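Subject: Structure for your files

Hello,

Here is the structure you were waiting for. My notes follow below it.

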Amino acid sequence: MANEDYQTARGTRDVLAPESWQFEALRRIALDWARRFGYDLIETPIFEKSPVFLKVGESTDIVQHESYRFRDAGGDDLTLRPEGTAAVARAYVQHGLAQAPQPVRLCYVGPMFRRERPQAGRYRQHSQFGAEIYGSDSPLADAEVMLLAVQVVDAAGLRHPVVRVNSIGCDICRPRYRQALIDYFESRRGSLCRDCQTRLEQNPLRLLDCKIDVDIKAGAPDLKDFWCEDCQTHIEHVVDAVQAAGIEIHRDRHLVRGLDYYTRTVFEVGHPSLGDQVALFGGGRYDGLSGRMGGPSAPAVGFGMGLERLLSALPEPLDDGEPRRIYVAHLPSFEDTAYELAMTLRRQGLAADADVIGRSLKAQLKDANRRASWVVIVGGQEWENGTVSVRNLATGSQELVSRDQLVRYLGDQLQEAKE
RNA sequence: GUGGAUGUAGCUCAGUUGGUUAGAGCACCAGGUUGUGGCCCUGGGGGUCGGGGGUUCAAGUCCCCUCAUUCACCCCA
């Protein structure tokens, strides 16, 4: 092993080809679908002033214990973004997007940072794709972002994602429920697991997704009985709209989420290949978040999706988009000619390689065999006669092609290979 | 933050009860006659056996510490 000082930092990694290209393909799939749904791409900084994230997650582990927070040389208190929603909310306010034609649809993709113990599907730096829709309190907006997320997962090749959804109520009904929950668990405090004892203090709603105290939580008051009328009809319409699009969606009364800016709708999608407890994407409604950022209080709903997780959950590796390559090999003393021909082919839109380490023809062909589909051999008598040899590496057949017909010939070959 | 497992060439791994210059397969490079790949043959390069300390005449093999990786919990994408 090399010197430890020169290894990637814990929880981070290099992504080499072909995975790097698969990743790029996945980003493109996500962004293409987002655009088709009418979402504009927004790029926010990798780091923000710490309050941007602190404001929205006072009781969440993500911002409390897992953020990369630092002071720069000038003394500014900064944080590497742990998630996308807060930064987008900040941008919405900062750029007066409340004045733009509503609703405002935004999507983003990029790295997020959380200082957790790494494990399967969990990195300290991971990529997230996300989308947010501002300015609509309609259930159709909730459904729309879910449909987009499901569509991306499906387009990547993962069939039949199952959406789980719940409503954690609004400012009116949630406090009542929260109190009922505290009362219930308080009386059973002694039999709760240690984690749940702290949850009771910090974030009682999270008691619901404990995996240990299953029996106790089964008897807990049901949020459903506390929803106000608006919350009740809202969640029903969300479910209807998603189902109407032919997507499978289930109500899960124990689903709550870690970020504490959510209101009403929360949803999550896992996948068997990742294990039950790992989410592929998750999100919800966060009306009023922009208000807490000092701007007009707008209704909004969105999701975040883990790209590494999605990629690793795919049953088939994603097409990495590698084009058919052409290797321009040369006979002795025709090195420059080959080099120039390769450049000409590239200008014609073809993917072409030429030897740059002085290999013998034999070695060039061997090299071509692992990186290209066709070899063009230049030099010798053929070149003097205005022709080159073109060899199909898959079939082994080779023929003489006139130099001025070469681009067309290769174009036809590529076309044929595609069919 | 808690608990378990693992660390030998680029990759996947052997390495016998501690015993001479640490191995294999794959990958890589070069040859197998002058201008042709995939198969085969020959040769070659590449390892401070994660790091440090200890026990021993002798440690990749035993002990301790440390670092890293990995899995689970917590939490989350």
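Strands S2 and S4 (residues 77–80) pair in the antiparallel sense over three bridges. Lys 49 has Leu 78 in S4 as its bridge partner. Please keep in mind throughout that this is a predicted model. The two strands belong to an open sheet of three, in the order S2-S4-S3, with antiparallel pairing. Its edge strands are S2 (47–49) and S3 (69–71), and each of these pairs on one side only. Neighbouring strands in this sheet are turned by 35° against each other on average, if direction is ignored.

Another open sheet has five strands, in the order S13-S12-S14-S15-S16, and its pairing is mixed. S13 (351–354) and S16 (398–402) are at the edges; each has a single partner strand, so one side of each is left without a neighbour in the sheet. From one strand to the next the twist averages 30°.

The pairings I looked at within this sheet are these:

- S12 (residues 325–330) with S14: parallel, over five bridges. His 330 stands opposite Val 378 in S14.
- S14 with S15 (residues 387–392): antiparallel, over four bridges. Val 375 has Arg 391 in S15 as its bridge partner.
- S15 with S16: antiparallel, joined by five bridges. Here Arg 391 stands opposite Gln 398 in S16.

How many of the five residues of strand S14 (residues 374–378) are buried? Five of the five are, so S14 is largely enclosed by the rest of the structure. Trp 374, Val 376 and Val 378 point one way from the strand, Val 375 and Ile 377 point the other way, and all are buried.

H12 (residues 335–347) lies across S12, S13 and S14, and runs at about 160° to S12. H15 (residues 406–418) lies across S12, S14, S15 and S16, and runs at about 165° to S14.

In soluble globular proteins, nonpolar side chains tend to be buried together. The largest nonpolar core in this model has 81 residues, and those with the most contacts inside it are Val 145, Met 146, Ala 149, Val 152, Val 242, Met 305 and Leu 310. Helix H5 gives the most to this core, with 10 residues. There is a second, separate core of 20 residues, which includes Val 328, Ala 329, Ala 342 and Ala 354.

Which residues does Met 305 touch, not counting those up to four places away in sequence? They are Gln 128, Phe 129, Gly 130, Ala 149, Val 152, Leu 280, Phe 281 and Leu 310.

H5 covers residues 139–155. At 1.5 Å a residue, its 17 residues should span 24 Å, and its end C-alpha atoms are 24 Å apart, which agrees. The helix is mostly covered, with 13 of its 17 residues buried. Just after H5, Gly 157 takes a positive phi of about 115°.

Another glycine, Gly 358, is found in the loop between S13 and helix H13 (361–371). Is Gly 358 buried or exposed? Gly 358 has 8 other C-beta atoms within 10 Å, and a residue counts as exposed with 12 or fewer, so Gly 358 is exposed. The C-alpha atoms of Gly 358 and Arg 188 are separated by 77 Å, and the two residues are 170 apart along the chain.

Finally, the chain as a whole. The secondary structure of chain A comes to 15 helices and 16 strands. The radius of gyration of chain A is 28 Å, well over the 22 Å that the globule rule gives for 419 residues, so the chain is more spread out than a compact globule. Taken along the principal axes, its C-alpha atoms fill a box of roughly 95 × 55 × 45 Å. Buried residues make up 38% of the 419 residues in chain A. Of the contacts in chain A between residues at least 6 apart in sequence, 69% join residues at least 24 apart.

Regards

How values were computed:
Residues are numbered from 1 along each chain as its sequence is written. Chains are lettered from A and ligands numbered from 1 in the order in which they are written. This is a predicted model: local features need pLDDT of at least 70, side-chain atom pairs count only at pLDDT 80 or more; totals for chains, interfaces and linings use all residues. The expected span of a helix is 1.5 Å times one less than its number of residues. Two strands pair if DSSP finds at least two bridges between them. Axes are lines fitted to C-alpha atoms, for helices over the stretch in contact, and angles run from 0 to 180 degrees between N-to-C directions. A nonpolar core is a set of buried Ala, Val, Leu, Ile, Met, Phe, Trp, Tyr and Cys residues joined through C-beta atoms within 7 Å. Two residues are in contact if their C-beta atoms, placed from the backbone, lie within 7 Å. The radius of gyration is taken over C-alpha atoms; the globule rule is 2.2 Å times the number of residues to the power 0.38.
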